[in-house]
Structures are given as structure tokens and as C-alpha cells.
Amino acid sequence: MRTRRNQLSIAAVALILGLLVVLQLRAQSAASGLESLTAQELTQLVANVNTRNDQLRAEVASTERELADLESATNRGDSSADQLRRDLARVRAWTGLDPVTGPGVRISVSGPIDGSGIQDLLNELRNAGAEALAVDDVRVVQGTVVAGRPGALSVLNTSLGDAFEITAVGNPTGLTGSLTRSGGIVAQLGATFPDAQLTVVPVDLLALPATTQDLAPAHGTPSL
């Protein structure tokens, strides 16, 4: 047993010495690889390394520029899409396809007045800068007409009672001033329909519904 143990110990020591010798030889070989180079060869080696580093830096810079360009293009695309969405929302609100909210005026109408008088009132509101109009719960858009004799008014086949409201989104001060000025539309309608009552009240926030009309052209088609 002792002889066997000694043999194993000697073998382990020999293995370790062999590994050390191999490592030493490799280190000497690597060192001798550079030591064997001339000054000119070492200079060329350093120059090659520097050249390769410069190439890598140029590739990194080019990649960073491409990334910046892609990010900029993406941001421009997002901005353009957002602008198109805002433009579409304004168009839909203007045409009556979507409900709108905002400041404006509320006009309470009661007493005998005919459809032409209400149409004159709506036209005056448009001319004064109203951005959206409604008669009771009916949105007024292109082709919407209030018609009928006094006491039997209707809009889009919806009967209006003896008392109803007209709401208009826009600048409250401008709309009120245009309607109630001396000789304005309220004064004119009061002279024509003395038994009718029209009261104009500026309002900080109004909510107008969307139209129920089909606004698709029957004959015309878009031309781009």
C-alpha cells in the first residue's frame, strides 16, 4: 500500500511539473513572437491596429447616424399622423358628423314665429362666426331646414313645440353682440313677430349632438 501511494504521489508531482513546463514554454513562445519582430514590423503592427480601430469608430459613427435618422423619420411620421388626426377631427366636427362642446350662446324662442324667421336667425349666427348649430336636439348642417307656419314648426321631420332652444358654439361675446345689436336680427324678428319672444344668453359650455343625416353626396364624388 505504501509503495502504491508513493507511486501516485510521484505521478502527481510529475504531472504538475509537466503543466508548469508547458505554460512556461507557451509564455516564452508568445514573448519571443513579439521580440523577434523588428522595429519596422512592430511599427507596422501598431499602425494596422490603429487603422482597424479607426475603421471600427467610423462604422459606429455611421450606425449612430442611421439610428438618429430612423428615429427622426419615425418622430416626423408620428407628428404627421397626429396632425392628420386633428385635422380630421376638426372636419368631422365642422360638418356635424361628431358631437361638439364649447362656449357659445343659447337662444330661447317662444311664441308664434315662422320657419323663415328661424332660418334668418340661423343664417345670422353663421355669419357671426358660429362653428356649430343645433335646434333643440337636432344638429343643423348643410341641408337642414326649419320650416312651417307659426305654431307648427319642424326640423328634419321633428316637430318643434311652442317653445324651443337654438344653441350655437362660438365666441359668446361676438355672437351675443351680433344678435342683440340695435337693428340686429333679434330686433328685426321682434318687429315682424311681435308676439314671439327671443332671449339670448351667453354660455360657457354647450354640448351639441352629432347629426343623424346621411351626409354622403348623392351625385358628386371627391376629385383629388
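**Close-up views of a predicted model**

**View 1. Arginine 90 and aspartate 87 form a salt bridge.** The closest N and O atoms of arginine 90 and aspartate 87 are 2.2 Å apart. Both residues belong to helix α2, and because they are three residues apart in that helix, about one helical turn separates arginine 90 from aspartate 87. Arginine 90 has a relative accessibility of 48% and therefore counts as partly exposed, and aspartate 87, at 29%, also counts as partly exposed.

**View 2. Arginine 92 and aspartate 98 form a salt bridge.** Here the closest N and O atoms lie 2.8 Å apart. Arginine 92 is partly exposed, its relative accessible area being 32%, and aspartate 98 is likewise partly exposed, with a value of 24%.

**View 3. A salt bridge joins the side chains of arginine 106 and glutamate 165.** The N to O distance in this pair is 3.4 Å. Distant parts of the chain are linked by the pair, since arginine 106 sits in strand β1 (residues 100-110) and glutamate 165 in strand β7, 59 residues apart. Arginine 106 counts as partly exposed at 28% relative accessibility, as does glutamate 165 at 33%.

**View 4. Threonine 167 lies in strand β7 (residues 163-169).** With a relative accessibility of 10%, threonine 167 falls under the 20% limit and so counts as buried. When neighbours within four places in sequence are left aside, the residues in contact with threonine 167 are Val105, Arg106, Ala132, Leu133, Ala134, Leu206 and Leu208.

**View 5. Helix α5 (residues 185-192) has the buried residues Ile185, Val186 and Leu189.** These three cover an arc of only 100° around the axis, which means that they lie on the same side of α5. The elements that cover the buried residues of α5 include α3 (115-127), α4 (172-180) and β8 (197-208).

**View 6. The largest pocket has a volume of about 400 Å³.** Its lining comprises 17 residues, and those nearest the centre of the pocket are Trp94, Arg126, Val140, Val141 and Gln142. At least two lining residues come from each of α2 (39-95), β2 (132-135) and β3 (138-140), and α2 gives the most, with three residues. By residue class, the lining of the largest pocket divides into nine nonpolar, five polar and three charged residues.

**View 7. The structure holds one cavity of 30 Å³ or more.** About 50 Å³ of space lies in the largest cavity, which is lined by Gly111, Ile113, Gly151, Ala152, Leu153, Leu160, Gly161, Asp162 and Phe164. Five of the residues in this lining are nonpolar, three are polar and one is charged.

Key. Residues are numbered from 1 along each chain as its sequence is written. This is a predicted model: local features need pLDDT of at least 70, side-chain atom pairs count only at pLDDT 80 or more; totals for chains, interfaces and linings use all residues. Side-chain values use heavy atoms; hydrogens and water are left out. On a 1 Å grid over the protein atoms alone, a cavity is a set of points where a 1.4 Å probe fits but cannot get out, and a pocket is an open set with protein on both sides within 12 Å along at least five of seven lines; lining residues have an atom within 4 Å of a point. Grid points are joined across faces, edges and corners, and a volume is the space filled by probe spheres set on the points. Ala, Val, Leu, Ile, Met, Phe, Trp, Tyr, Cys and Pro count as nonpolar, Asp, Glu, Lys and Arg as charged, and the others, Gly among them, as polar. Buried means under 20% relative accessible area, exposed over 50%, partly exposed in between (1.4 Å probe, protein chains only). Helices (H or I, at least four residues) and strands (E, at least two) are DSSP runs, numbered from the N terminus. The arc is that of the directions from the helix axis to the C-beta atoms. Contact means heavy atoms within 4.5 Å. A salt bridge is a side-chain nitrogen of Lys or Arg within 4 Å of a carboxyl oxygen of Asp or Glu.
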